[in-house]
Every structure is written in structure tokens, then in C-alpha cells.
Amino acid sequence: MDCEGWAGYNTLIHEAIEEISAKTPDAVNALSGKPMKFKAGETELPFLTDDFVQTFSQPNFFFHATTLYDLLRMDGVKLSKMDYLGALRFNQE
């Protein structure tokens with residue numbers, strides 16, 4: 001997988017969004033609690049789907065989101081903490 005810089009990463013992100021958008025909530029929910037294997041080269045790690053998301057995927061996502069945020073700031077993109085955090089949700093009581 002050769003990304004060729006930011007344009008390549010942008011393409012990969014759009015491809016991932018298309019793949020995810022093609023899935024229905026019911027199809028995704030049906031995977032909950034199922035055994036799976038994460039494969040990277042010769043390594044295979046057995047997980048249940050929920051554990052994979054919570055202990056591997058989410059931490060990796062936040063690590064990479066933070067790293068991208070840092071790289072963009074280092075390249076002079078004007079980002080603030082609020083750009084990273086997103087919209088705040090307030091209690092409407």
C-alpha cells in the first residue's frame with residue numbers, strides 16, 4: 001500500500017468511508033461477540049470482535065488521530081484543541 005503523501009492518505013480515507021458506508025447497522029451489530037483473528041504478516045492474534053475494537057482498534061485510532069493532528073500542526077496548519085475535540089455536547093436540563 002503506497003500512499004504517496006497526503007493525497008494518497010486522502011484516497012485511503014475516502015475508500016475506507018465508502019467501505020464502511022456500504023455496511024448496514026444490523027450487519028455490523030451481527031458481528032458483536034464473534035471470534036476473529038487479526039493478521040499482520042506472520043502474526044495472528046485471536047480476539048472476540050468487541051475486545052478487538054475496544055482494546056486494539058480504538059486505542060490505535062486515537063493514537064493515529066493524535067499523531068496526524070501533531071503532524072499537521074507541525075506543518076503549519078492552524079488547528080486548536082477544539083478542532084481535535086470536536087463539538088461539545090451539553091446537558092440540556
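Which residues line the second largest pocket? Before I answer, a word on the basis of this talk. The model is a predicted one, in which local features need pLDDT of at least 70 and side-chain atom pairs count only at pLDDT 80 or more, while totals for chains, interfaces and linings use all residues. Residues are numbered from 1 along each chain as its sequence is written, and side-chain values use heavy atoms, with hydrogens and water left out.

Now to the answer. The lining of the second largest pocket consists of Ile 20, Val 28, Asn 29, Leu 31, Ser 32, Met 36, Thr 49, Asp 50, Phe 52 and Val 53. The terms need care here. On a 1 Å grid over the protein atoms alone, a pocket is an open set of points where a 1.4 Å probe fits, with protein on both sides within 12 Å along at least five of seven lines; a lining residue has an atom within 4 Å of a point. Rolling a probe the size of a water molecule over the atoms shows where empty space is left.

This second largest pocket holds about 280 Å³ of space, where a volume is the space filled by probe spheres set on the points, and points are joined across faces, edges and corners. Helices α2 (25-29) and α3 each supply at least two of its lining residues, and α3 has the largest share, with four. Helices (H or I, at least four residues) and strands (E, at least two) are DSSP runs, numbered from the N terminus. By class, the lining has six nonpolar, three polar and one charged residues. Nonpolar covers Ala, Val, Leu, Ile, Met, Phe, Trp, Tyr, Cys and Pro; charged covers Asp, Glu, Lys and Arg; the others, Gly among them, are polar.

Let us turn to the largest pocket. Its space amounts to about 800 Å³. Of the 18 residues that line it, Ile 13, Phe 61, His 64, Ala 65 and Leu 68 lie nearest its centre. At least two lining residues come from each of α1 (6-21), α3 (49-74) and α4 (81-85), and α3 gives the most, with ten. The classes here are 13 nonpolar, four polar and one charged.

Next, the strands. Strand β1 (residues 35-40) pairs with strand β2 (residues 43-48) in the antiparallel sense over six bridges; strands pair if DSSP finds at least two bridges between them. Met 36, already named in the pocket lining, has Phe 47 in β2 as its bridge partner. The two strands form a hairpin with two residues between them, and Gly 41 in the turn has a positive phi of about 65°.

Which residues are linked in a network of salt bridges? They are Lys 37, Lys 39 and Glu 44. A salt bridge is a side-chain nitrogen of Lys or Arg within 4 Å of a carboxyl oxygen of Asp or Glu. Glu 44 meets Lys 37 with the closest N and O atoms 3.6 Å apart, and meets Lys 39 at 3.8 Å, N to O. Glu 44 counts as partly exposed because its relative accessibility is 42%; Lys 37 is exposed at 53%, and Lys 39 is exposed at 56%. Buried means under 20% relative accessible area, exposed over 50%, and partly exposed in between (1.4 Å probe, protein chains only).
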